[in-house]
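This report describes a ligand shell, a helix pair and the nonpolar cores of one model. The sequence and structure are shown first.

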Amino acid sequence: MVVVRIMHRVLVYLLSACLALFSTPGSAEDLDDLVNRCEICHGKDGNSGLPIFPSISGLSYEGFRYTMDEYRENRRIAIEFQRPGEPETVMINIARQLSDAEVEALARYFSERPYIPIRQKFDPVLASRGAILHERQCEQCHLQNGTKPGDDAPILAGQWMPYLRLQIKNILSGKRLVSRRMSTRLRKLNQEDIEALLNFYASVS
Ligand code: HEC
Ligand code: HEC
């Protein structure tokens, strides 16, 4: 009886080991290679050193998967740029080449890295106006002054200001599709409100 139970355990163990093998990325090296590819643009541990590349360590596991699906399903445009020696340069194509298992592994990896808010220049007067707007309009989903990711809402505090400015522009022009609750809020703001919010997010760390 005991032997049978042990055999059963061994079989279950072997089966799960096989399943793990077949769900790519198959090995730690494969994940390392993928992560290295992402870090070329998004920086070490997903903390970006360049204003056109967002930091990606601030997304939750769910938020990360959700974002990759937006690229894969054409709900979001991505800027096109050329980097010499880089095989693929547009985020949409990069996302489309990944399997579901790879997206999941990357989501787990980056959501577990520490997020380092980017230090940027900001206008303190605009930032304090932005704080009030944030509290009224955005805090409900972009929690704790935008420092804490929600299930699908990303961290805004300490993210690159030029990147966020471009995303707001894309959302308002309909090039990036977001939930109506989110786009309705943005549409109520004027250009100065948007700058105030951007300066606020740059001021929080
Ligand atoms: C050649 C540069 C480059 C590489 C390599 C790259 N990305 Fe990106 N990524 C970008 C750019 C640029 C954006 C912003 C695109 C936009 O929406 O305009 C972006 C956006 C993202 C976002 C959205 C962030 C947010 O806050 O919404 C995620 C997630 C992401 N990339 C993940 C990855 C992963 C995972 C990899 C590796 C498999 C990767 N990227 C490789 C350039 C790159
Ligand atoms: C009802 C919830 C909700 C509210 C309220 C909301 N957002 Fe969002 N926001 C989201 C979600 C969810 C996303 C993820 C985007 C998606 O759907 O592509 C997001 C994404 C964003 C992004 C893109 C960030 C990135 O990394 O690409 C910006 C910028 C943003 N929100 C700003 C704001 C501002 C400013 C306000 C207040 C005026 C606001 N949001 C209010 C839910 C919300």
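Two residues are in contact if their C-beta atoms, placed from the backbone, lie within 7 Å. Leaving aside its neighbours within four places in sequence, Tyr 201 is in contact with Gly 146, Leu 156, Ala 157, Gln 159 and Leu 164. The model is predicted.

Tyr 201 also belongs to the largest nonpolar core, which has 14 residues. The members that touch the most others are Leu 156, Leu 164, Leu 197, Leu 198, Phe 200 and Tyr 201. H10 gives the most to this core, with six residues. Another core, of seven residues, lies apart from it and includes Leu 59, Phe 64, Leu 106 and Ala 107.

Helix H10 (residues 191-203) packs with H8 at an angle of about 145°, and the two axes are 10 Å apart. Their crossing is right-handed. On the H8 side, Met 161, Leu 164, Arg 165 and Ile 168 take part; they meet Ile 194, Leu 198, Tyr 201 and Ala 202 in H10.

The shell around ligand 2 has 22 residues, of which Gln 137, Cys 138, Cys 141, Val 178 and Arg 181 come nearest. Helix H8 (161-172) and helix H9 (180-187) each supply at least two residues of this shell. H9 gives the most, with four residues.

Methods:
Residues numbered from 1 in each chain as written. Chains lettered and ligands numbered in written order. Predicted model: local features only at pLDDT ≥ 70, side-chain atom pairs only at ≥ 80, totals over all residues. Near = placed C-beta within 6 Å. Axes fitted to C-alpha atoms, helices over the stretch in contact; angles between N-to-C directions. Left-handed = near helix turned anticlockwise from the far one by under 90°. Core = buried A, V, L, I, M, F, W, Y, C linked by C-beta atoms within 7 Å. Buried ≥ 20, exposed ≤ 12 C-beta atoms within 10 Å, placed from the backbone.
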